[in-house]
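Please read them with the coordinates open.

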Amino acid sequence: MRKYTIIGTGGTGGAIGSYLAKAGKDVTFIARGNNLNAMMEKGLRVIRPADEFVIDPVKATTLEEYQGKADVIFVCVKGYSLEAIIPGLRRISDSKTIIIPILNIFGTGGDMQKHFPDTLVTDGCIYVAAQIKEPGCIQMNGDILRVIFGVRDKSDYREELKEIETDLRESGIEGTLSDNIARDALLKFSYVSPQGACGLYYGVSAGEIQKPGEIRECFAGLIREIDTLAKAMDIHFEEDIVRRNLAILDSLSPSATTSLQRDVAAGKDSEIDGLIYEVVRLADRYGVDVPIYRKIAATLSK
């Protein structure tokens, strides 16, 4: 049986891993602290809108104590934690391992691949509304659970990728092996980055962005700038991403905020560099004008 390892048992990793484990797949969760202790004592509880389930017993350990090599590793940590886990990832992977990063930050897979010359690192993204409710408990706030992954270069394709897609679907996850992962990952980024940037700049929740006016126009303008940047990168979306992302935003609870906003408000490390400042760096690289991103980045960096 294929050995799945989930690094980061938060909302993202907890959702993916719990569905795989519930379906009988071989899953090991990498966690730490109170979350790990609670999982070992009571299992991993997943609360969904209509029901809940518990994975118990659960295979869980720290990255340092993990033994052997993984077949597939889903990396579900925040971008600022990646550097710290690279040595551990090297230890538990080999040339047969497939690493699938599931992060908000565009281009993560390509950056990680530089550290793993003999291991395939794909790109990936997820659509899910989930978070840790308490140690050992994942709260899912919607029914959507969609994982998209794929190789940047078609020459890197392996048949095992199709098998992973099948495993995901057998587990109740809408798994998609993308034939254009750069487009699909940037499509996801075109929503999370503008919402995080707009919400953080104005200090507002989704409700204020849902109202007609300056804040909503800022959100739409940020999306347009991502679209312009995408074209410069020779990435072409198959839909109107402004309309798409406004519809997603309008479906949210008015009180919803992004993890970027919550982390900054709590004085924690955040993904502000990868979600906002990196857009400005990419714009400079491709010769694209992104005045709204540039204004927000300048203000937030003070």
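1. Isoleucine 98 belongs to strand β7, which spans residues 98-101. The model is a predicted one, and in it isoleucine 98 has a relative accessibility of 2%, so this residue counts as buried. Beyond its neighbours within four places in sequence, isoleucine 98 is in contact with Asp71, Val72, Ile73, Leu120, Thr122, Arg158, Glu160, Leu161 and Ile164.

2. Glutamate 165 sits in helix α5, residues 159-170. Is this side chain's residue buried or exposed? Its relative accessibility is 5%; the limit for buried is under 20%, so glutamate 165 counts as buried. Residues up to four places away in sequence aside, glutamate 165 touches Phe149, Gly175, Thr176 and Leu177.

3. Helix α6 and helix α11 (residues 272-286) pack with their axes 10 Å apart and at an angle of about 95°. The angle falls in the range 65 to 115, which means that α6 is roughly perpendicular to α11. On the α6 side the contact involves Phe189, Val192, Ser193, Ala197 and Leu200; on the α11 side, Ile272, Gly274, Leu275, Ile276 and Val279. By class, the residues of this contact are eight nonpolar and two polar, with no charged ones.

4. Helix α8 (residues 214-232) packs on helix α9 (residues 241-250) at about 135°, the axes being 9 Å apart. At that angle α8 is oblique to α9. The crossing of these two helices is right-handed. From α8 the contact draws on Arg216, Phe219, Ala220, Ile223, Arg224 and Asp227, and from α9 on Ile241, Val242, Asn245, Leu246, Leu249 and Asp250. In the contact of α8 with α9, seven residues are nonpolar, one is polar and four are charged.

5. There are five aromatic pairs in the structure. One of them joins tyrosine 191 and phenylalanine 219, with ring centres 6.2 Å apart and planes at 85°, an edge-to-face arrangement. Tyrosine 191 is in helix α6 (residues 181-202) and phenylalanine 219 is in helix α8, so the pair ties together parts 28 residues apart in sequence. Both tyrosine 191 and phenylalanine 219 are buried. Phenylalanine 219 is also among the α8 residues in the contact with α9.

6. Tyrosine 201 and tyrosine 202 have ring centres 5.0 Å apart and planes at 85°, so this pair is edge-to-face. Tyrosine 201, at 27% relative accessibility, counts as partly exposed. Tyrosine 202 likewise counts as partly exposed, at 23%.

7. Most residues other than glycine have a negative phi, and most peptide bonds are trans. The peptide bond from aspartate 56 to proline 57 is cis, with omega near 5°. Proline 57 is in the loop between β4 (52-55) and β5 (60-61). Aspartate 234, a residue other than glycine, has a positive phi, near 60°. Where is aspartate 234 placed? This residue is in the loop between α8 and α9, and with a relative accessibility of 60% aspartate 234 counts as exposed.

Key. Residues numbered from 1 in each chain as written. Predicted model: local features only at pLDDT ≥ 70, side-chain atom pairs only at ≥ 80, totals over all residues. Heavy atoms only, no water. Axes fitted to C-alpha atoms, helices over the stretch in contact; angles between N-to-C directions. Helix = DSSP H or I, 4+ residues; strand = E, 2+ residues; numbered from the N terminus. Parallel < 35°, antiparallel > 145°, perpendicular 65-115°, else oblique. Left-handed = near helix turned anticlockwise from the far one by under 90°. Contact = heavy atoms within 4.5 Å. Nonpolar A, V, L, I, M, F, W, Y, C, P; charged D, E, K, R; others polar. Buried < 20%, exposed > 50% of the residue type's maximum accessible area, 1.4 Å probe, protein only. Phe/Tyr/Trp six-rings, centres within 6.5 Å; stacked < 30°, edge-to-face > 60°.
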